[in-house]
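Colleague: I am new to this structure. Could we look at it together?
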Amino acid sequence: TSSLVVTPVERIKVMMQSNPDVYSNEIQCIQAVLDTEGIGGLLMRGLGISLIREIPSVGLSFILYTLLMQQSMTFGSTSIAPLLFGAISGSLSCVPVYP
């Protein structure tokens with residue numbers, strides 16, 4: 001998932017925001033993480049909690065989208081229905097998993 005890419009980027013961003021005097025740039029921050037925790041620490045730390053958030057959200061989004069599309073077929077679907085129902089299901093799926 002995108003969490004594999006986003007998690008390390010977010011971690012570096014948060015480290016730099018919370019320690020502005022420690023790291024002068026992103027490369028220095030990445031190097032510090034690699035020196036202390038290795039590649040696993042850079043890529044994996046925080047991934048578990050991100051997946052705990054993402055898996056239910058994406059699953060709920062697919063379920064809501066499918067239900068909305070099935071309902072639209074009974075009333076006659078329009079060409080904008082996939083776009084509209086994708087936006088609705090994506091928005092609603094975030095409600096129960098984000099604080």
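Colleague: Is Val97 buried, exposed or partly exposed?

Modeller: In this predicted model, Val97 has 24% relative accessibility and therefore counts as partly exposed. Buried means under 20% relative accessible area, exposed over 50%, and partly exposed in between, with a 1.4 Å probe and protein chains only. Local features need pLDDT of at least 70, side-chain atom pairs count only at pLDDT 80 or more, and totals for chains, interfaces and linings use all residues. Residues are numbered from 1 along each chain as its sequence is written, and side-chain values use heavy atoms, with hydrogens and water left out.

Colleague: Which residues does Val97 touch?

Modeller: Not counting residues up to four places away in sequence, Val97 touches Arg53, Pro56 and Ser57; contact means heavy atoms within 4.5 Å.

Colleague: And where does Val97 lie?

Modeller: Val97 lies in the segment after helix 4 (81–94). Helices are DSSP runs (H or I, at least four residues), numbered from the N terminus.

Colleague: Changing topic, where does helix 2 bend?

Modeller: Helix 2 bends by about 120° at Glu37. The bend is the angle between axes fitted to the seven residues ending there and the seven starting there.

Colleague: Which residues of helix 2 are buried, then?

Modeller: Cys29, Val33, Gly41 and Leu42 are buried in helix 2, and helix 1 (3–18) is included in what covers the buried residues of helix 2. Cys29 counts as buried because its relative accessibility is 0%.

Colleague: How many disulfides are there?

Modeller: The count comes to 0 disulfides, where a disulfide is a pair of cysteine sulfur atoms within 2.5 Å.

Key:
Helix = DSSP H or I, 4+ residues; strand = E, 2+ residues; numbered from the N terminus.
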